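This briefing covers the ligand site and the aromatic pairs of the structure shown below.

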Amino acid sequence: MNITISPSILGGSFANMQDTVKLIDQSKVEYIHFDVMDGDFVPNLTFGPQFISNVRQYSKKIFDVHLMINRVGKFLDDYVKAGSDIITFHLEIDENIKELISKIKTNNIKCGIAIKPATPWEDLKPYLNDIDQIIIMTVEPGFGGQKFMEDQLLKIEQLKNYISQNQLHVDLEVDGGINYEKGKKCVDAGANILVAGSFLFKQENLTQASNQLYDFFN
Ligand code: DX5
Ligand code: ZN
């Protein structure tokens with residue numbers, strides 16, 4: 001099975017994000033992960049749809065947009081127009097989940113649901129037939145560079161078993177604190193997409209680091 005790598009640009013400097021996107025674009029990874037934060041759903045503020053549309057022109061890779069925001073319905077069209085290929089929102093928001101899923105799907109965009117570490121995977125059950133990917137957070141959402149939460153591995157395993165037993169077609173993306181060792185544990189538990197931020201950005205060469213992570217798993 002192919003393991004997809006999705007570098008999170010949160011590790012880069014926002015001052016020259018186009019260079020960051022170009023460096024990732026030169027690598028062989030398939031996705032680029034955009035961490036959108038509103039300072040309300042999570043205690044951090046990053047960027048909005050304008051930022052994504054500004055860098056869209058620099059890469060044809062899949063824009064894996066992770067919305068850590070409330071009021072997703074209000075801003076959804078903006079993220080669609082910005083050029084998102086996958087839009088993942090959080091199950092914990094206070095909105096009509098089924099409505100958000102169908103709104104995203106009618107735009108021919110892949111739909112994902114993310115869950116925080118404290119959210120049981122079983123809460124996803126009503127939606128698993130309708131979505132394309134799940135993001136399992138292995139850190140508390142809001143900041144890069146946090147420590148991987150080992151206790152989320154069981155959740156990945158249980159979710160993967162449920163997906164296989166029910167012949168569902170949902171990708172399992174893991175997000176937070178990923179490096180070679182933690183990524184391997186997640187893949188062994190059943191994940192097929194890995195997000196990596198600080199692990200890549202703390203290395204000398206972002207393109208090379210992205211390729212090395214891709215080659216390690218494929
Ligand atoms: C955290 C974000 C993650 C994070 C990944 O809220 O969703 O994508 O930035 O960064 P690292 O790999 O540094 O944990
Ligand atoms: Zn993320």
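**Ligand site and aromatic pairs**

Ligand 1 has 20 residues around it, and those that come nearest are Asp35, Gly142, Asp175, Gly197 and Ser198. The model is a predicted one. The space that ligand 1 takes up is the largest pocket.

**Polar contacts and burial**

- The side chain of Asp175 has an N or O atom 2.6 Å from an oxygen atom of ligand 1.
- At Gly177, a polar backbone atom lies 2.8 Å from an oxygen atom of ligand 1.
- Gly197 also places a polar backbone atom 2.8 Å from an oxygen atom of ligand 1.
- How much of ligand 1 does the protein bury? Ligand 1 exposes 380 Å² when taken alone, and the protein buries 99% of that.

**Make-up of the shell**

- Two or more residues of the shell around ligand 1 come from each of the elements β2 (31-37), β3 (62-68) and β8 (193-196).
- With three residues, β2 gives the most to this shell.
- Sorted by class, the shell around ligand 1 contains eight nonpolar, ten polar and two charged residues.

**Aromatic pairs**

- The structure holds nine aromatic pairs.
- One of them is formed by Tyr180 and Phe199, whose ring centres are 5.1 Å apart; their planes stand at 80°, so the pair counts as edge-to-face, since planes over 60 degrees apart fall in that class.
- Why does this pair tie together parts that are apart in sequence? Tyr180 belongs to helix α6 (residues 180-189) and Phe199 to helix α7 (residues 198-201), so the pair links parts 19 residues apart in sequence.

Terms used:
Residues numbered from 1 in each chain as written. Chains lettered and ligands numbered in written order. Predicted model: local features only at pLDDT ≥ 70, side-chain atom pairs only at ≥ 80, totals over all residues. Heavy atoms only, no water. Near = heavy atom within 4 Å. Polar contact = N/O pair within 3.5 Å; in protein donor to acceptor, adjacent residues only side chain to side chain. Areas by Shrake-Rupley, 256 points an atom, 1.4 Å probe, with all protein chains shown as cover. 1 Å grid on protein atoms, 1.4 Å probe; cavity = no way out; pocket = protein on both sides within 12 Å on 5 of 7 lines; lining within 4 Å. Sits in = over half its atoms within 2 Å of the grid points. Helix = DSSP H or I, 4+ residues; strand = E, 2+ residues; numbered from the N terminus. Nonpolar A, V, L, I, M, F, W, Y, C, P; charged D, E, K, R; others polar. Phe/Tyr/Trp six-rings, centres within 6.5 Å; stacked < 30°, edge-to-face > 60°.
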